[in-house]
Amino acid sequence: MGDPATPPSSELAAMAIVDGASLKHPFSDRVPVRSIVCRPDGGAGLAGNRVRAGGWVKTGREQGKGSFAFLEVNDGSCPANLQVIVDAGVEELSTLVQTGTCVSVEGVLKVPPEGAKQKIELRVERVLHVGPTDPAKYPIPKTKLSLEFLRDHVHLRPRTNTISAVARIRNALAFATHSFFQEHGFLYVHTPIITTSDCEGAGEMFQATTLINEAEKLEKELIENPPPTEADVEAARLTVTQRGEIVAQLKAAKATRDDISASVAELKIAKENLSRLVERAKLKPGIPKKDGKIDYTQDFFARQAFLTVSGQLQVETYACAVTSVYTFGPTFRAENSHTSRHLAEFWMVEPEIAFADLQDDMNCAEAYVKYMCGWLLDKCFDDMELMAKLYDKGCIDRLRMNVEWGIDLASEHERYLTEDIFKKPVIVYNYPKGIKAFYMRLNDDLKTVAAMDILVPKVGELIGGSQREERYEVIQRRIAEMGLPLEPYEWYLDLRRYGTVKHCGFGLGFERMVLFATGIDNIRDVIPFPRYPGRADL
């Protein structure tokens, strides 16, 4: 533990008490950069405090003929950097100044000379750690880089100002999501990633199967250990016959029990060998088939299974039991799309409310979007300012817009409606039934369904929702009309057979919300690890 009078950790903790609150990270000996530079005074009030700080060098330069160096250090806790000054007598400067170098330093916070941009800087007394970088090889230099270029270095792109800001905004929106629904009495339900139901009926699903791996393993095994020939099997049958005859002869001759037991044991071994050979002789390379079709009874789940496109159908089971629920998780779409609005793996927020209709659904969606916008303005304003500076000067004003009731017909020009006509988010509702999913409630006109979309500037569709069809006969007919098999949806029909209830819900594409907030153009840049046709890095 060291000397109790002056241990470094206790000294740092004591020195990091300002305005009654500790600056130090609760699970580290460092002080986050945000705790220093994001104070209303820019950190000036912390002058005189001894702290440890760590992060990655954004820029560095030697000054005073190599007598000291300025480092701009960022630890990802905020967009701003901490200016760090290191004297040549403390550490070799040439390594420290390279962009991408990781440093952990200890020193005293001081107010810089008058006229400096920074309000506080750290004068280093000890360098505790250096993670060096070879500037000739480091792929994320301090020069301006395109977001497209950064997708080729997805493991390092969080070190850039943009991607780290997007990560903080995304984190805030996720926190806001849980806060909104928890504050309004919703239960968080984890729905399955592997499913046997196609929620959208579009068929663009990734299949989850072990048949291919098993077929490859079998093919390799059969090459290394070929299956028995017919002659091998016949020889084994002959051996069984012969062993059986010997047993019979011994019994007829009233041989000793030991002799008969030994002969019976040899017969048993011969039969087991024959059984193994017969089974191996049946093995054929390739995926197992039955009646000319793939035999999914041999698959891991004994039936076809897929990665989910939505947790909605499953979460409805809980809505029809505990009334107000939501799911928030990854979903998958095997659509060979290369647009700036589509991913193969993306996240969906899907609430479901029992005893509620389409208007309740729209009210909930509107309140949720407003809540997230307000949350960002309150919690992430510095990151939003960075987005406004780098990508979309109108992004902060866009968060302050209110959702407005729209029109009762479908439109193919979503962004035109939101950006040119209404110039704000719009709700469009009551869509023709032919373009919507089977589970949406059929309206009295028998032509439209009780569906709604929230359309927003920069993105188009942000939310899609509906009142669900709770009438058994109607939804059974709709499934048939869509050409879907009834069997996989029998459990879903049970919700209508037994204690049916009016209910509604919607799905929000989480990455689209991040696009709407930040003004970034491509959805691949607002998810940590984008998956799209031809790419699944890491």
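Predicted model: local features only at pLDDT ≥ 70, side-chain atom pairs only at ≥ 80, totals over all residues.
Me: Why is F355 called exposed?
Reply: F355, which is placed in the loop between β14 (345-354) and α10 (358-379), has a relative accessibility of 63%, and since exposed means over 50%, F355 counts as exposed.

Me: Why is F438 called buried?
Reply: The word buried is used for under 20% relative accessible area, and F438 has 1% relative accessibility, so F438 counts as buried.

Me: What makes the pair of F438 and Y439 edge-to-face?
Reply: The ring centres of F438 and Y439 are 5.6 Å apart, which is within the 6.5 Å asked of a pair, and their planes stand at 75 degrees, an angle over 60, so the pair is edge-to-face.

Me: How do you know that F438 and Y492 also form an aromatic pair, and which parts of the chain does the pair link?
Reply: From centre to centre F438 and Y492 are 6.1 Å apart, with 80 degrees between the planes, so the distance is within 6.5 Å and the angle is over 60, which makes this pair edge-to-face. The pair links distant parts of the chain, with F438 in the loop between β16 (426-432) and β17 and Y492 in helix α15 (residues 490-497), 54 residues apart.

Me: Why is Y492 called buried, and what sits over its ring?
Reply: Y492 has 0% relative accessibility, which is under 20%, and therefore Y492 counts as buried. The charged end of R496 sits over the ring of Y492, 4.1 Å from its centre, and this distance is within the cut-off of 6 Å.

How values were computed: Residues numbered from 1 in each chain as written. Heavy atoms only, no water. Helix = DSSP H or I, 4+ residues; strand = E, 2+ residues; numbered from the N terminus. Buried < 20%, exposed > 50% of the residue type's maximum accessible area, 1.4 Å probe, protein only. Phe/Tyr/Trp six-rings, centres within 6.5 Å; stacked < 30°, edge-to-face > 60°. Lys NZ or Arg CZ within 6 Å of the ring centre and 35° of its normal.
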